[in-house]
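Please look over the model below. A short report on selected elements goes with it.

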Amino acid sequence: MPREIESRVDLVRALARAAEVEHAALCRYLFAAASLKKRPEEGACTWPQIESVRAWQSSLLLVARQEMEHLGLVCNLLSAVGCAPHFGRSGFPMGAVPGGPGTGVALERFSAGALERFVAFERSHEPASRAEGSVGALYRQILTGLEALDAAAFDLWVGPPRAQVSNETMDIPAGWYDIDVFPIRRLADARVAVHRILETGQEGEPEASGHAGRLGRVLSDLRRLQHEDSAFEPSRPVVTNPVTTSAGLEPAAGGALLTHPLTVRAARLFNGAYGLMLLMLLRFYTPNEETPEERDGLRRIAFFPLMTLVMRPLGEILTQMPASSDEETPTAGPTFEPGVPLVVQPYKRSAWLLYHECLQRLAVEGARLEEDVGRRDEGWARSIAPRVRFLRQNFEGMAVAFARYVDMDTVRSMVLMDKLLAGDGHER
Amino acid sequence: MNADHLVLEFAGWFQCRLATNPDPTDEPRGVSGHTFALPGEPDLDRVIRFQEPVAPRSHGPRVAVEVGAVSRGGESLSDHPLLRASVDLLDGPKFESRNLLLTDDRAGVGLIHPFHLEVKVPGLVVRRRDLVDPDAPDQELHRVAPELLNRRAPVDLNGMIMDPERIAEVTGITDGLEFRARRREALETDLAGARDPVVRAALEKRIRDLRITHPRDLRLISLQATQTRRFALNGPVEIHDAAGRLEPVDADRDWPIGFWMGGWDSDSLCGYVKGRLAIALSGG
């Protein structure tokens, strides 16, 4: 990282790094949240303890949503200076990231150790944190660079206004779901955005509402409950840094290779949805020839359905599935391996066809998984079967709905999907 | 409505144990939304219950929808056998929106499916289904054309309608903040005497939630909001009337139904429903 930002390229490089930091953070929090138990029947927890676990999961998901907000604001900054958004990131475990430990930033189950690392990361947003490599230092460098380039009468704010995402474009009323994404068109907006990112990150005092304070309270509560009951275990026995052998990626050093065949398929289904969501977000940030209806169609698939109907439930399903073929524990988790090159598809029609094909393939894979999970006798399979069935229905629904949103032939969409399903041995 | 229809006016509280945004539709316990399965309760199942609630909560309304008035040709029938009949939705109906995949209802509530209405008194049962797609009655919802789904969606797709007067008229709730405060006080009294740790955990969760008073919070907004649905039941009719007390019905004509649902009490997971069903009669 250069000492000073002296050019647009320097700025974009720093913003891309910031995007990767926020993206990695939200993945870590989603993973930890997915690892939490839901019922005493899972063992080592009582109903009153589960009530605390629910509150902790709610806190983690809130923080994750706000990291999504931060990622959105950084992408708005990139758009504002005329560049494409950045959704790439290293695989897990990652090397040193700002604010993290020296090496090995991980996807890990909920635990006191994980929370300590989360709090340390969030504290690195604080203004007092002047350590090189802190999140605060990175954003201060970005802001200093923006101010310098703006003051130099540099033609900085060249991005088209429509290439910005906000609560309004996502159709999320102001204040809902604890997120506030707003357009960035000039230096004043950029200052507000950077301040917001740093402000929500810091505030480590127990009563504070920032991430460090919130996660610190979770850590205190966890320690208190574990002191009262040493047998209490709030999270499932999820492996750290689960990986699959996905296209273009090799298992990273320190990753736990998933080997149970159904679990690998479920993880790849998650990754397929994750990669498609990122591709759609890239397109959403870079509107080209699409009509307002088509752009709304992207929004109606990429935001709520893919995130809420697929990724969160499938992430939780994975933490109940065995990681290996040999034994039922430890269990797996979402691997967040996109498996596709994250580049903007420049041609609208081709992009629609690609996304539609991806949705259909996800529907077919979902149907296969539903059938094969349904054949298993194990308790974990019976437990996840209803959610897997619902997933399959929603994948099919998304494929048909997307065809409608972008004015493709929906009847043909269903016929093609049924052919794919029939070719796979599934009758519909 | 003319004399060839028997009009049943029905009303009452219903229960629906469902997760709410931003939780997934199939979230079993509730995490980030404003509805939850409490300690000791079964998982959220999304089923709309007009009768026989599951795990009813203390100090909540009595769940029971019934016929409050019967008329024909504008004339009230005060001794009709269906007066005070229970009204129920059979086959485990749910609100089906799936994050706007199925309908364009911006409130995200969607259509009620399946819709299999039953009106019943001892010895007399009237049932009728509504078919979303009569040409493919068993089709999975996500494969049904949107115009057919939207037929059963709320009439105003732009979202819930704030209608505090209507809610107050039927429920007595004139001030959402005060309503919730009184509920909280009752629960705090219960908590003071509760010893069972599971009961205490459930009460504490409810009390914490009832302390939320932000005017834009959905717990408060939905308490005074409504959604209206209007369509006509078009499916097979089933009548059990051994004593022949009911007028001959016309099963070939559709039966119009219109009702609103609202006054959503997120603490008890109950809402209010009020509407009317017009049963087509044969022979005019």
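## Conventions

This is a predicted model, in which local features need pLDDT of at least 70, side-chain atom pairs count only at pLDDT 80 or more, and totals for chains, interfaces and linings use all residues. Residues are numbered from 1 along each chain as its sequence is written, chains are lettered from A and ligands numbered from 1 in the order in which they are written, and side-chain values use heavy atoms, with hydrogens and water left out.

Helices (H or I, at least four residues) and strands (E, at least two) are DSSP runs, numbered from the N terminus.

## Helices α1 and α2 of chain A

Two packed helices are described by the angle between their axes and the distance between the axes. Helix α1 (residues 8-34) and helix α2 (residues 47-80) of chain A have axes that come within 8 Å and cross at roughly 160°. Axes are lines fitted to C-alpha atoms, for helices over the stretch in contact, and angles run from 0 to 180 degrees between N-to-C directions. α1(A) and α2(A) are therefore roughly antiparallel (angles over 145 degrees; under 35 is roughly parallel, 65 to 115 roughly perpendicular, the rest oblique). Their crossing is left-handed (the near helix is turned anticlockwise from the far one by less than a right angle; clockwise is right-handed).

Residues of α1(A) in the contact include A:Leu15, A:Glu22 and A:Tyr29. On α2(A), A:Leu60, A:Glu67 and A:Leu71 are among them. Contact means heavy atoms within 4.5 Å. By class, this contact has 19 nonpolar, 3 polar and 2 charged residues. Ala, Val, Leu, Ile, Met, Phe, Trp, Tyr, Cys and Pro count as nonpolar, Asp, Glu, Lys and Arg as charged, and the others, Gly among them, as polar.

The axes of α7(A) and α9(A) come within 10 Å and cross at roughly 155°. That makes α7(A) roughly antiparallel to α9(A). The crossing is left-handed. A:Phe270 and A:Met277 are among the α7(A) residues in the contact, and A:Met307 and A:Leu314 are among those of α9(A). The contact has 15 nonpolar, 2 polar and no charged residues.

In helix α8 (residues 292-302) of chain A, 8 of the 11 residues are buried, so α8(A) is largely enclosed by the rest of the structure. Buried means under 20% relative accessible area, exposed over 50%, partly exposed in between (1.4 Å probe, protein chains only). The buried set includes A:Glu294, A:Arg295, A:Arg299 and A:Arg300. The buried residues of α8(A) pack against α7, α9, α10 and α11 of chain A.

## Strand β14 of chain B

Strand β14 (residues 270-280) of chain B has 9 of its 11 residues buried, so it is largely enclosed by the rest of the structure. β14(B) runs antiparallel to β1 (residues 5-16), joined by 11 bridges. Two strands pair if DSSP finds at least two bridges between them. B:Trp13 stands opposite B:Tyr272.

β13 (residues 255-265) of chain B also pairs with β14(B), antiparallel over 7 bridges. There, B:Phe259 stands opposite B:Gly275. The hairpin of β13(B) and β14(B) has 4 residues between the strands, and B:Leu269 takes a positive phi near 60°.

## Two single residues

A:Gly423 lies in helix α12 (residues 410-423) of chain A. A:Gly423 is exposed, at 68% relative accessible area. Its C-alpha atom is separated by 9.7 Å from that of A:Val364, 59 residues apart along the chain.

B:Glu41 sits in the loop between β1 and β2 of chain B. B:Glu41 is buried, at 11%. Leaving aside neighbours within four places in sequence, B:Glu41 is in contact with A:Trp47, B:Arg17, B:Arg29, B:Phe36, B:Ala55 and B:Arg57.
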